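Work through the exercises below with the structure open beside you. Try each task before reading its solution.

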Amino acid sequence: MSDGKPILRIRNLSKNFTIKSSKLFGKPQLLHALNDVSLDLYAGETLGVIGESGCGKSTLGRTVIQLHSPSSGVVEYEGRNIFEMQGEELKNLRKDIQIVFQDPFSSLDPRMTCGKLIEEPLIVHNLEPDKAKREKIVLDLMHEVGLDIQHVNRYPHEFSGGQRQRINIARALSMSPKIIVCDEPVSALDVSIQAQVLNLFNRLQKERGLAYIFISHDLSVVKHVSDRIAIMYLGRVVELCDAEDIYANPCHPYTKALLSSIPPDSPFEKKERILLKGEIPSPIGDQIGCPLAGRCPHCTERCMKETPVLSDIGNDHSVACFLYEEKQA
């Protein structure tokens, strides 16, 4: 998937939120949600982004689609920094990069029918002025995502969670995007419905050549859909490689601990559980040293003072850990 030029380049992206003064902090403090994140996304691939709650993965997705303004760094789409875009250029970008949110109900206007919800982006972006043709597009999109034509005049509260998420996917597809940011799109759904929606994402990708940034905290879900996987911890990417390699050959201590939490496939399979002891450091205030230093069994004095950068250790496998820097040397 790494052949050719990336369709989206994220370079040194950081996002800080200001926490207002309080008795606890005294003066305004910065919460570091994203720290120096650099990733590439290629046409037609799925880049999985995984980590614990609060690691910054959703902030990454929302910053890419400009729901958040970055504190520093750039995101280049087809060679152009999206944060410099304005007017018609920005409007066209919003058509090319869409998002599917985690909660399928709160992301739909409860006062609009299914048909109107899917039609709305076509009207806003003036993609099809003819009403009859718009209605035909809506019905085609409903069929494409697995909704019945009889659902066209129903309201969001009359649908199941899986059906609502299909409406959201149809809305995103109405723009004919090249990239879709999937922000935990199946985590609010039943397990049986999750598989159906994931299969839908895979089919749409093959048919339309879509590129996905697929954000999740579920290791099995990410493995099912991803070509490459980025592991995030406290706002930083700590490991990045092919999806199969991350499960077969995890390198970063945090990745190893994360994967050890997956239940074994068989009751006869022996699996060692790696527990990271200690408190998760606060993302508020100055960030010094490796974010995992206080919990890592391999921590050295250098880890407490310096922050390791994401470095290639071979076979398109990158790790942010001094252990592998020493091995390379």
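This is a predicted model: local features need pLDDT of at least 70, side-chain atom pairs count only at pLDDT 80 or more; totals for chains, interfaces and linings use all residues.

**Exercise 1.** Find the order of the strands in the open sheet, and say which strands stand at the edges.

Solution. Step 1: the open sheet has eight strands, in the order 6-7-8-3-9-10-12-11, and their pairing is mixed. Step 2: strand 6 and strand 11 (311-312) each have a single partner strand, so one side of each has no neighbour in the sheet, and these two stand at the edges.

**Exercise 2.** Describe strand 6: which way do its residues point, and in which sense does strand 6 pair with strand 7?

Solution. Step 1: strand 6 covers residues 97-100; I97 and I99 point one way, while Q98 and V100 point the other way. Step 2: all of these residues are buried, that is, under 20% relative accessible area. Step 3: strand 6 pairs with strand 7 (residues 179-183) in the parallel sense, over four bridges. Step 4: in strand 7, C182 stands opposite V100.

**Exercise 3.** In which sense do strand 10 and strand 12 pair?

Solution. Step 1: strand 10 and strand 12 (residues 318-319) pair in the antiparallel sense, over two bridges. Step 2: V319 in strand 12 stands opposite E239.

**Exercise 4.** Which residues form the negative surface patch, and why does D242 count as partly exposed?

Solution. Step 1: the patch is formed by D242, E244, D312 and D316. Step 2: D242 lies in strand 10, which covers residues 236-242. Step 3: D242 has a relative accessible area of 39%, so D242 is partly exposed, since this class lies between 20% and 50%.

Note on methods: Residues are numbered from 1 along each chain as its sequence is written. Side-chain values use heavy atoms; hydrogens and water are left out. Buried means under 20% relative accessible area, exposed over 50%, partly exposed in between (1.4 Å probe, protein chains only). Two strands pair if DSSP finds at least two bridges between them. Patches are made of residues with over 30% relative accessible area and no salt bridge: like charges are joined within 9 Å, nonpolar side chains (Val, Leu, Ile, Met, Phe, Trp, Tyr) within 5 Å. Accessible areas come from the Shrake-Rupley method with a 1.4 Å probe; for residues, only the protein chains shown count as cover. A salt bridge is a side-chain nitrogen of Lys or Arg within 4 Å of a carboxyl oxygen of Asp or Glu. Lys and Arg count as positive and Asp and Glu as negative; His and the chain ends are not counted. The place of a charge is taken as NZ of Lys, CZ of Arg, CG of Asp or CD of Glu.
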